[in-house]
Amino acid sequence: RFEGVTMAPPDPILGVSEAFKADSHESKLNLGVGAYRTEELRPYVLNVVKKAENLMVERGENKEYLPIEGLAAFNKATAELLFGADNPVIKQQRVATVQGLSGTGSLRLAAALIERYFPGAKVVISSPTWGACFHHLNLYVKLSQGVPWSEYRYYNPKTVGLDFEGMIADIKAAPEGSFVLLHGCAHNPTGIDPTPDQWEKIADVIQEKNHTPFFDVAYQGFASGSLDEDAASVRLFAARGMEVLVAQSYSKNLGLYAERIGAINVVCSSADAAARVKSQLKRLARPMYSNPPIHGAKIVANVVGDPALFNEWKAEMEMMAGRIKNVRQKLYGSLSAKDKSGKDWSFILKQIGMFSFTA
Ligand code: PLP
Ligand code: TYF
């Protein structure tokens with residue numbers, strides 16, 4: 001019965017990791033998977049994470065199942081972190097938040113919601129997107145066969161910058177009521193984000209066309225070093241009273257890659273609609289994985305819920321974001337010094353986060 005199964009192509013990014021392991025060159029550098037490394041090129045476990053884990057052991061916390069929607073303290077903390085605790089969407093209980101299996105799992109849940117409740121609605125994705133273009137496409141095309149998609153222009157190789165006109169034109173041309181996938185900050189893989197003024201114009205077109213913004217937020221606090229600054233794009237859309245989808249991940253900003261902790265948030269027009277949407281997200285999650293893992297959720301809830309740990313986290317995030325900026329400075333400096341072609345490398349400094357498109 002399994003004889004007819006064909007070989008799947010390897011994951012393009014994880015393939016780079018395998019090739020890296022197999023290479024014996026002494027000064028090899030892994031530029032594949034987006035995971036933070038220390039100055040010594042080691043993975044980094046945040047001190048606040050160790051402290052939160054110690055707290056959990058001291059308290060003798062159990063490993064009982066979580067409800068389908070996840071840990072209540074986590075869901076509250078994650079929505080407040082994203083929008084700000086005083087945001088009207090929080091105060092008016094208009095956000096349906098469900099814990100997801102990190103960013104990927106949360107995007108997957110959102111894709112299932114779109115497929116189930118908005119059949120035929122198109123998802124428009126930046127070109128290029130995450131994971132050397134394959135990952136988001138895999139989410140929509142392979143896992144969620146029912147969701148049609150297309151791309152909007154994003155990267156302009158001539159300027160090594162944003163193709164803003166192309167982006168606006170393509171979002172405008174998408175069928176009315178499409179879902180527009182946007183990276184909240186530190187666009188993967190280009191490292192190029194719209195300016196605040198450009199975000200306003202993107203919001204204008206999305207509103208004009210009755211599209212729904214669908215944010216992928218994988219780097220809140222990790223890109224600029226500020227949780228608020230990195231959430232500004234999402235908050236701008238919420239402040240316009242729009243419905244918004246937001247997938248969150250704690251892989252990078254808390255270094256919880258393997259804990260698979262994140263969330264899907266749906267900003268609705270009323271508390272009543274939010275309650276209904278949440279019930280449907282749970283219904284979609286139940287047959288997929290039943291309920292999410294507890295460990296990462298407790299870490300996040302403990303860190304965000306404890307003022308001392310929260311401040312320490314912010315300092316560690318600033319440190320990580322600062323080191324990345326520093327590496328960009330050094331890369332820019334040595335490329336500019338060594339390259340005699342006259343190429344302007346300043347885009348390395350204008351881009352943000354761990355990724356850089358160089359040509
Ligand atoms: N979204 C973006 C834009 C990313 O860059 C990543 C990982 O690098 C993710 C989502 C999801 O990662 P995870 O599933 O580990 O949260
Ligand atoms: O683009 C990146 O590097 C991240 C990390 O199967 C990643 O999205 C890439 C591929 C993958 C898991 C994580």
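Hi everyone, let me start with a term: two residues are in contact if their C-beta atoms, placed from the backbone, lie within 7 Å. By that rule, residues 24 or more positions apart make up 78% of this protein's contacts with a separation of 6 or more.

A quick word on the source. This is a predicted model, where local features need pLDDT of at least 70, side-chain atom pairs count only at pLDDT 80 or more, and totals for chains, interfaces and linings use all residues. Residues are numbered from 1 along each chain as its sequence is written, and chains are lettered from A and ligands numbered from 1 in the order in which they are written.

Now the overall fold. The protein has 14 helices and 9 strands; these are DSSP runs numbered from the N terminus, with helices (H or I) of at least four residues and strands (E) of at least two. Its C-alpha trace spans about 60 × 55 × 55 Å along the principal axes.

On to the interior. Of the 359 residues, 41% are buried, that is, with 20 or more other C-beta atoms within 10 Å of their own. What about Val-300: which residues does Val-300 touch, leaving aside neighbours within four places in sequence? Val-300 is in contact with Phe-74, Ala-77, Thr-78, Tyr-250, Leu-254 and Ile-261.

Finally, the ligand. Around ligand 1 sit 13 residues, counted when their C-beta atom, placed from the backbone, lies within 6 Å of the molecule. Ser-102, Gly-103, Thr-104, Ala-218 and Ser-249 come nearest. Helix H5, residues 102-117, gives the largest share of this shell, with 3 residues.

Methods: A residue is buried if 20 or more other C-beta atoms lie within 10 Å of its own, exposed if 12 or fewer, and partly exposed in between; C-beta atoms are placed from the backbone.
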